[in-house]
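Welcome, and thanks for taking a look at this one with us. Here is a short briefing to read alongside the sequence and the model.

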Amino acid sequence: MRRSVEERRIRRAWHLLIVFAVGAVVLFGRLAWLAHHVSGQQEALRAKHRVSQELWIPGRRGRIVAADGRVLAWSERRFRLLWRVPDTLSEALAERTECAQIQELAPLLPAAAALPTCLGREVVLEHDLTLSDDILHSVSAWAPATVSLHAYFVRQTLPGAPESALLGEVELDDEHGLERGVSGLEKRYDQVLRGRLVCLRMIADGRQAMVMDEKSEGERGNGDDIHLGEVSP
Amino acid sequence: MATIFILARLAHEKVTAEARAIRRDLGNATGRLHVYFRLVALLLALGSAGCLLIQSATRGMASQSCFSRLQMVWLLFGLTFLGACFLFPRSFYKRHLGIILSLVYGLLWGVLLFGTKIQGARSWYRFHGFCMQPSELAKPAFLIAFAWFWKWAEKWPFQARFAAGALFAGLWMLPIILQPDWGTTMIYALTTLVLLYCLGMNWRQVLAVLVPALAGISWALARHPYVRRRFMAFFGTGGDLSAVCWQAMQMRDCLIKGGWTGGLFAEPSSFVYVPYRYNDSIFAAAAELLGVAGVLPLILLCLGWVGYCCYLAGRHASRWTYPVYLGAGVMLSGQAFVHLAVNLGLMPTTGINLPLISYGGSSLLTTLLIIGLVERCAWEDKQEEASSMAIAVVSTPAPREKAPLVAGTPLALENGE
């Protein structure tokens with residue numbers, strides 16, 4: 001009885017090897033098929049037309065939270081709508097006509113009579129836009145390339161909070177778009193609160209555009225929060 | 001004070017006895033050292049090949065040399081651990097199994113509380129830039145624990161042993177499922193299923209295990225959208241799945257571009273567009289560099305390892321080491337085959353890396369520990385076999401001496417004297 005149990009175990013061990021051998025044959029077959037039968041020409045052509053671009057996006061500054069959970073200071077991402085007016089009047093008028101067809105954009109455009117004074121300059125069409133504003137989506141989808149969005153942060157504080165005097169001020173670093181603390185708690189804990197630049201790589205090839213290294217906002221880039229109960233003011 | 005003194009004395013006696021046992025065993029280390037150095041030479045060659053592959057695959061990255069340098073450090077570190085694993089007797093693991101299990105299982109649960117979340121899974125301990133993945137390091141402990149449990153319960157009825165074995169494996173996998181780390185869970189589940197089958201499970205029991213496993217997969221698909229997206233991307237269903245398909249498509253491009261002989265110095269390379277080309281996609285990157293001819297030895301090596309473990313299980317295994325050999329074979333070769341299948345587009349992406357080759361300190365250390373454990377068990381089994389054969393030879397009664405032939409006796413006449 002014992003002998004038959006052991007013989008069965010040995011037999012099953014060899015069954016295992018047979019299964020793995022079949023798996024190895026399948027893997028090799030697939031590898032050989034990809035190497036031999038699939039045409040490399042189209043793949044090579046697509047590979048030749050790959051385009052990649054890197055975007056550096058500033059992370060949001062961390063929040064300052066009171067001991068009882070009230071958020072005393074936080075940053076909001078806002079957008080500014082800009083139009084790079086062409087250098088010649090005729091081109092500017094043509095582009096203005098094109099932009100006027102976008103319903104949300106039309107009332108924001110400068111008057112045709114004012115265009116000569118704006119030629120070759122960047123004009124602010126609107127500011128303090130948020131992600132919930134429909135104009136952002138319309139502009140992204142339909143506007144010409146000379147219309148762009150510029151993201152920035154606005155630091156908000158809780159009105160009437162007794163801790164307001166301790167919080168301090170921030171200023172915007174124009175080079176990186178990050179907020180930097182200049183006084184009070186904002187300055188003292190700047191290393192913790194400050195956001196980081198996140199690199200998002202966009203790659204497009206013959207099949208589709210693709211974002212590589214896609215990370216959610218919660219995972220990296222944003223600064224860390226501080227809680228007043230844990231830090232000494 | 002008296003209690004403290006007594007406890008201290010007991011601890012000292014235990015440590016002294018342990019040290020004496022180890023010294024006695026190490027005293028007979030000559031034969032083992034020979035095997036150990038051969039093993040180290042082979043693994044160093046394989047590991048170095050892995051470092052070279054990582055160096056080539058990370059071409060164009062800002063931290064190109066960093067990965068291969070770190071991998072080499074881990075390799076040297078791991079070979080030291082392999083030495084310790086190989087030089088200590090297996091009775092050492094049996095004696096200290098409780099401590100080993102408590103430590104490892106504690107680390108598995110502790111990572112859920114104190115671990116760092118990377119790419120959606122809280123699977124790592126991070127300490128000053130040093131990362132450790134406890135679910136990887138738990139693999140050799142799982143093999144030892146399962147083997148010990150199976151031997152300990154050998155007097156139980158098989159049904160009870162099978163149910164308890166499955167429950168043990170389920171409890172071991174529970175913290176890993178909660179991380180969630182589906183790739184590692186799959187490897188553990190596969191190992192358990194194969195072990196139970198080889199230890200005598202019948203088809204009814206196979207179904208009894210498969211049904212909850214399928215239920216678990218369905219739960220994972222329902223609970224975790226990213227798992228669902230991977231399955232849907234693999235089967236080509238559902239809306240815009242470009243993010244999930246990207247890795248699979250780029251790996252495919254690498255394999256096609258590599259062809260039969262590869263393009264070691266060809267530009268532009270496709271693998272620079274493959275995510276995680278130093279660990280999860282290293283086979284595809286290697287295939288582009290070396291071609292089918294260059295990566296075929298990898299497939300044969302994986303098959304060779306499981307073949308070696310099956311040979312040991314069939315020829316030399318004791319009741320304790322049989323599950324260790326098979327478990328080690330399935331864990332390493334199974335993981336390698338899953339990695340290859342993902343890279344070849346035969347499975348959805350799982351995040352499993354290639355043992356000994358992919359970048360990853362925990363995985364490399366675990367692979368070397370498992371190899372060390374298998375080699376140690378094989379060496380001891382062969383020694384026991386040799387000594388039992390020697391005893392059998394010694395205890396065979398000596399043949400009776402023939403009576404001298406005396407002239408004139410019938411025997412002498414028969415022999416012509």
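What percentage of the 233 residues in chain A is made up of buried residues? Buried residues account for 36% of them. Please keep in mind that this is a predicted model. The points below go from chain A as a whole to a few backbone details in both chains.

**Chain A overall**
- Seven helices and ten strands form the secondary structure of chain A.
- Take the contacts in chain A between residues at least 6 apart in sequence: 69% of these join residues at least 24 apart.

- Asp128(A) is not a glycine, yet its phi is positive, at about 60°.
- You will find Asp128(A) in strand E4 of chain A, which spans residues 122-129.
- Leu356(B) sits in the chain B loop between helix H13 (321-343) and helix H14 (361-394).
- Leu356(B) has a relative accessibility of 9%, so it counts as buried, the limit for that class being under 20%.

**A cis peptide bond in chain B**
- The bond that leads from Gln179(B) to Pro180(B) is cis, and its omega is near -10°.
- Pro180(B) belongs to the loop between helix H7 (158-178) and helix H8 (182-198) of chain B.

Terms used
Residues numbered from 1 in each chain as written. Chains lettered and ligands numbered in written order. Predicted model: local features only at pLDDT ≥ 70, side-chain atom pairs only at ≥ 80, totals over all residues. Heavy atoms only, no water. Helix = DSSP H or I, 4+ residues; strand = E, 2+ residues; numbered from the N terminus. Buried < 20%, exposed > 50% of the residue type's maximum accessible area, 1.4 Å probe, protein only. Contact = heavy atoms within 4.5 Å.
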